[in-house]
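User: Hello! I am new to this structure and would like a close look at one single part of it, with enough of the surroundings to find my way. Could you start with how far the model can be trusted?

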Amino acid sequence: MNGRHSLELALPGATIGAVAGAMAGGLTLFAGQPAGMAALSALALSAPLALFGGLYGVLLGHGVFRPGTFGPVGLYWMAAFPLSRLVQETLFGVGTADGVLTFLAYQAMVSLGFAIGFVWMHERLMPHWLIRRAPDNPVAKELLGHYLRYARMTQARKGARK
Amino acid sequence: MDTSNTPPATATPPVEDGRVWKAGRLEPMPIRKLPDAPPSVHLLGPTVFLVALGVGMGESYMWPRLVLLFGPEIRWLFLIGVTLQAVVMLEMARYAMATGESIFSGAARVFKPLMWFFFIVAIAVYIWPGHLSAGAAAFEEITGIPWVVTAIAGLILVGVIFTLAKVIYNLLENVLSLLIGALVLGTAVIAAMVGSWADVVTTISGMFAIGYLPPEAMSAAWFPVIVGACAFAGPSGMQQMWYTLHLRDSGAGMGAHIPKVRGLRHAGEEEEMPNRGFMFDTEDPAEMAKWKGWRRWVTFDALLLFWGVTMLVTISFTVIAQSAARINPGVRDALMADDREAALSAMSAAVSSAGSSVLGVVFLGFIALIGLNATLGLFDSFSRGQADMTFNFVPGAKKIGMSKLYAIFLWGVIIFGILILLFGPADGPSAILDTLAFLSTFAMGAYCVTLLLVNNRMLPKPIRPKWWSNAIIGFGAVFYLGMLFYSMIAFGVVVN
């Protein structure tokens, strides 16, 4: 039961990863490629990004990450994003012409931008999802508590106004 | 601390004790408690506002265009511009958080005409609807609809959105912030596909080619554009000044004691606004400890969020521009031949080259969205800033009410924008954007001088800026105004 509760927290992150992957990954190989091939390429980026995005949500629920902080998420995607791109390029891309290490180094740099976009979106979607799931899911309820505490703190500051 | 027991002229809301901080000739600031700083660094601070406005045309269009023309080495000017802006942001926040006043009120404390000067400059700068024009040009590339038509429709749309804001503002804010997220994510993924490590190396090493200015850049056609691009490195024009309104309204530091200014979106719920801010006891070690907490909080925002995000987005777009130059070497000659719009289609082609033309369209769609998004943010801030000054400093303006003043300025800037589009001297969307950018430089040089005066004369000694911070802001004034005047004297032009 606990497994399912944790997995539910994966949904927002997995969705963001999947959409980001599909958005660019699918389009990139569209030209001159059969539709099936393009779809596979999109899938090859979407699937790992969705997986890592979902895993982030689960780890957030277990307290490994703190909501809204950037540093650890940046490091997380510095590993996860290059790996996802490597999977895509190896399976359905043009390959890593400049060598794997250079490829990974470049992807790791870009991944920081991805991480900012990811955490930005996640912070906006996750609380809505938690509000929906909190009544039936104790893990979601606890995480929602974190968000609420932060919101109350902000409110308290604003409430000090006369 | 230079306090006296003079009671404040108006006692709403009631003060905790009789002490006040006298700053300039305006009403003294009552001494109040500084609220606790937020305990954790959180991604969603008020800087989001600056990032949302700042990561726009400069990063996605103006600088990549210069890279296409003059190579990545030109970006050393960008590095200086963004770093300067990070320090400006810290210093703007210093006054706003210490007093709960906007920098405009600070300027009025130094010398009232100084504030009115910015009131006029804001109008002179922002009647040029540059962002929306560039966005409309991108939209023309996609749909073929003439940019003037889209730009005018966009301006009216912005007005309608804010006029209906009471109903839809929250929805709009959510949609816009999701769009910004999608933009950052999309840019990262596209850059991951089209770029290579070598592009990043040249982009980053280009940032340290200090002093590089090719002979073509030192021309009447391009130097003013470079001046404008320097202003568009990070938040441009008056955005940093409006950021102080935003800090005040989000309750940062002493802003917590100020009732929130209700814009048009909350018409009918206006609260009584005090004419002045507050000060905390800078001789109390406990208060100073809290102050340090606030400074840490805003420094995190300035360095990671603002500097970091701006750099990352812009590096990504420069990488895209560099692949554009590789794919279509003719673009440089087209730009040199004064086809200002060539950059947009070339960058779109670079993105398309990574895959399909669909992706090129996605890129142009991004630029169009950035144009609309920036205009929404800018016009909202413009109207709030102007309404705030009018409300507080024009006798009798309080009777009109904040929301009506807001509407007057909003529709005023929209009508002037439409007139500029139809009859203005600037020819073409890029020329309008370049004019806006060039004029922004003037506002930015002027606010650096103002910032030095306000922070060093209107704040108690213990919380005044350090010498090095003053030196950087002073350099900023010389940098912006120096480039502007050099352009005017050497080339005798504003914008070609």
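Analyst: Among the elements of chain A, the lowest mean pLDDT, 74, belongs to helix 6 (residues 138-159) of chain A, and the highest, 89, to helix 4 (residues 71-92) of chain A. Here pLDDT is the predictor's confidence in each residue, from 0 to 100, and helices (H or I, at least four residues) and strands (E, at least two) are DSSP runs, numbered from the N terminus. In residues 158-162 of chain A the pLDDT is below 50, and this stretch has twelve contacts in the model beyond near neighbours in sequence; two residues are in contact if their C-beta atoms, placed from the backbone, lie within 7 Å. Where pLDDT is low, the coordinates of a prediction should not be read in detail.

This is a predicted model, in which local features need pLDDT of at least 70 and side-chain atom pairs count only at pLDDT 80 or more, while totals for chains, interfaces and linings use all residues. Residues are numbered from 1 along each chain as its sequence is written, and chains are lettered from A and ligands numbered from 1 in the order in which they are written.

Chain A has a mean pLDDT of 81, with 83% of its residues at 70 or more. Chain B averages 80, and 82% of its residues score at least 70. In chain B, confidence is lowest in strand 1 (residues 3-4) of chain B, with a mean of 36, and highest in helix 4 of chain B, at 93. Residues 1-15 of chain B stay under 50, and the model gives them 28 contacts beyond four places in sequence. Residues 263-269 of chain B are also below 50, with 16 contacts beyond near neighbours in sequence. For the complex, the predictor gives an ipTM of 0.86 and a pTM of 0.79.

Now for the surroundings. Chain A contains six helices and zero strands, and 46% of its 162 residues are buried. A residue is buried if 20 or more other C-beta atoms lie within 10 Å of its own, exposed if 12 or fewer, and partly exposed in between, with C-beta atoms placed from the backbone. The unreviewed UniProt entry places "transmembrane region" at residues 9-31, 37-58 and 100-121 of chain A; UniProt positions follow the numbering used here, feature names are shortened, and annotations may be inferred rather than shown by experiment. In the model, residues 37-58 of chain A are 100% helix, with end C-alpha atoms 31 Å apart, and residues 100-121 of chain A are also 100% helix, with ends 30 Å apart.

Chain B has 19 helices and three strands, and 58% of its 496 residues count as buried. Of the contacts in chain B between residues at least 6 apart in sequence, 79% join residues at least 24 apart.

At 1.5 Å a residue (taken times one less than the number of residues), its 15 residues should span 21 Å, and the end C-alpha atoms are 22 Å apart, which agrees. Which residues of helix 5 of chain B are buried? They are B:M115, B:F118, B:A122, B:V125 and B:Y126. B:I123 counts as partly exposed because it has 15 C-beta neighbours inside 10 Å. Its C-alpha atom is separated by 16 Å from that of B:L421, 298 residues apart along the chain.

Compare helix 4 (residues 103-110) of chain B: seven of its eight residues are buried, so this helix is largely enclosed by the rest of the structure. Among those buried are B:I103, B:F104 and B:R109.

Finally, the largest nonpolar core has 204 residues, and B:A229 and B:I367 have the most contacts inside it; such a core is a set of buried Ala, Val, Leu, Ile, Met, Phe, Trp, Tyr and Cys residues joined through C-beta atoms within 7 Å. Its largest share, 17 residues, comes from helix 12 (residues 285-327) of chain B. Beyond four places in sequence, B:I367 touches B:S60, B:Y61, B:A134, B:G135, B:A138 and B:L344.
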